Amino acid sequence: MRTVVLSIQPKWAALIRSGEKTIELRRRFPRYHAGSDAYLYESSPNCRLTAILQMGAIHELPVEELWRVHGKASCVDERHFATYFQDRDAGFGIEILRHLPLVKDWRLDRLRHDFSFTAPQSWGYASPRLVNAIGTRP
């Protein structure tokens with residue numbers, strides 16, 4: 001299975017690092033098995049890969065149920081949630097079981113140069129060359 005790269009704003013990445021944010025919300029997401037890994041790409045202004053996230057269950061739910069069941073663990077307020085999902089009937093709540101910092105950060109300029117990496121808007125796939133270079137869970 002291909003490794004996903006999740007693009008996450010630095011403020012949310014900090015909450016994941018602290019363990020406070022245990023659900024990542026997405027409007028769309030591919031089918032994955034619990035226990036799969038994803039790379040955490042911190043978007044602007046950080047612009048770097050910083051961690052491997054071990055994903056738990058991926059819940060596809062009607063928006064109202066997603067908020068009721070996972071809203072608190074997502075660390076977003078109800079207004080932000082409603083705006084993000086305003087034109088969707090369903091959404092995804094990705095359980096984050098573990099945050100494993102990479103030994104070194106992988107800056108966007110290096111990722112572009114060495115791996116032809118394009119930072120995803122929401123999520124994308126890591127190339128096999130990038131996975132080989134970074135590796136998987138320690």
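Reader: Where does Pro45 lie?
Author: Pro45 lies in the loop between strand 3 and strand 4. A quick note on terms: strands are DSSP runs of E (at least two residues), helices are runs of H or I (at least four), and both are numbered from the N terminus. You're looking at a predicted model, where local features need pLDDT of at least 70 and side-chain atom pairs count only at pLDDT 80 or more, while totals for chains, interfaces and linings use all residues. Residues are numbered from 1 along each chain as its sequence is written, and side-chain values use heavy atoms, with hydrogens and water left out.

Reader: What makes the bond between Ser44 and Pro45 a cis peptide bond?
Author: Look at omega: for the bond that joins Ser44 and Pro45 the angle is about 10°, and the bond is cis. Most residues other than glycine have a negative phi, and most peptide bonds are trans.

Reader: What is the phi of Cys47?
Author: Phi of Cys47 is near 50°, a positive value in a residue other than glycine. Cys47 sits in the hairpin of strand 3 and strand 4, with five residues between the strands. Cys75, in the loop between helix 2 and helix 3, isn't a glycine either, and its phi is positive at about 65°.

Reader: Why is Cys47 called partly exposed?
Author: Buried means under 20% relative accessible area, exposed means over 50%, and partly exposed is in between (1.4 Å probe, protein chains only). Cys47 has 22%, so it counts as partly exposed. Cys75 has 23%, so Cys75 counts as partly exposed as well.

Reader: And why is Glu24 called buried?
Author: Its relative accessible area is 8%, so it falls on the buried side of the cut-off. Glu24 belongs to strand 2. Among the residues Glu24 touches are Ile8, Ile16 and Phe92, not counting residues up to four places away in sequence; contact means heavy atoms within 4.5 Å. The C-alpha atoms of Glu24 and Ser74 are separated by 5.9 Å, though the two residues are 50 places apart along the chain.

Reader: How do you know that strand 3 and strand 4 pair?
Author: Two strands pair if DSSP finds at least two bridges between them. Strand 3 (residues 37-42) and strand 4 (residues 48-62) have six bridges, so they pair, in the antiparallel sense. Asp37, for instance, stands opposite Gln54. Strand 4 also pairs with strand 5 (residues 90-107), again antiparallel, over twelve bridges. There, Ala51 stands opposite Pro101 and Leu61 opposite Gly91.

Reader: What is the order of the strands in the open sheet?
Author: The six strands run 2-5-4-3-1-6, with mixed pairing.

Reader: Which strands does helix 2 touch?
Author: Helix 2 (residues 63-74) packs on the sheet, touching strand 2, strand 4 and strand 5, and its direction makes about 145° with that of strand 4. Helix 4 (residues 108-115) packs on the sheet too, touching strand 3, strand 4 and strand 5, at about 90° to the direction of strand 5.

Reader: Which residues of helix 4 are buried?
Author: Leu108, Leu111 and Phe115 are the buried ones.

Reader: How do you know that they are on the same side of helix 4?
Author: They cover an arc of only 75° around the axis, which puts them on the same side. The arc is that of the directions from the helix axis to the C-beta atoms. These buried residues pack against strand 3, strand 4, strand 5 and helix 5 (128-134). Just after helix 4, Ser116 takes a positive phi of about 50°.

Reader: What are the buried residues of helix 1?
Author: In helix 1 (residues 10-18), they are Pro10, Trp12, Ala13 and Ile16. Their arc is only 155° around the axis, so they too lie on the same side of their helix. Lys11 and Ser18 are exposed, on the face turned away from the buried side. Just after helix 1 comes Gly19, with a positive phi of about 90°.

Conventions:
Axes are lines fitted to C-alpha atoms, for helices over the stretch in contact, and angles run from 0 to 180 degrees between N-to-C directions.
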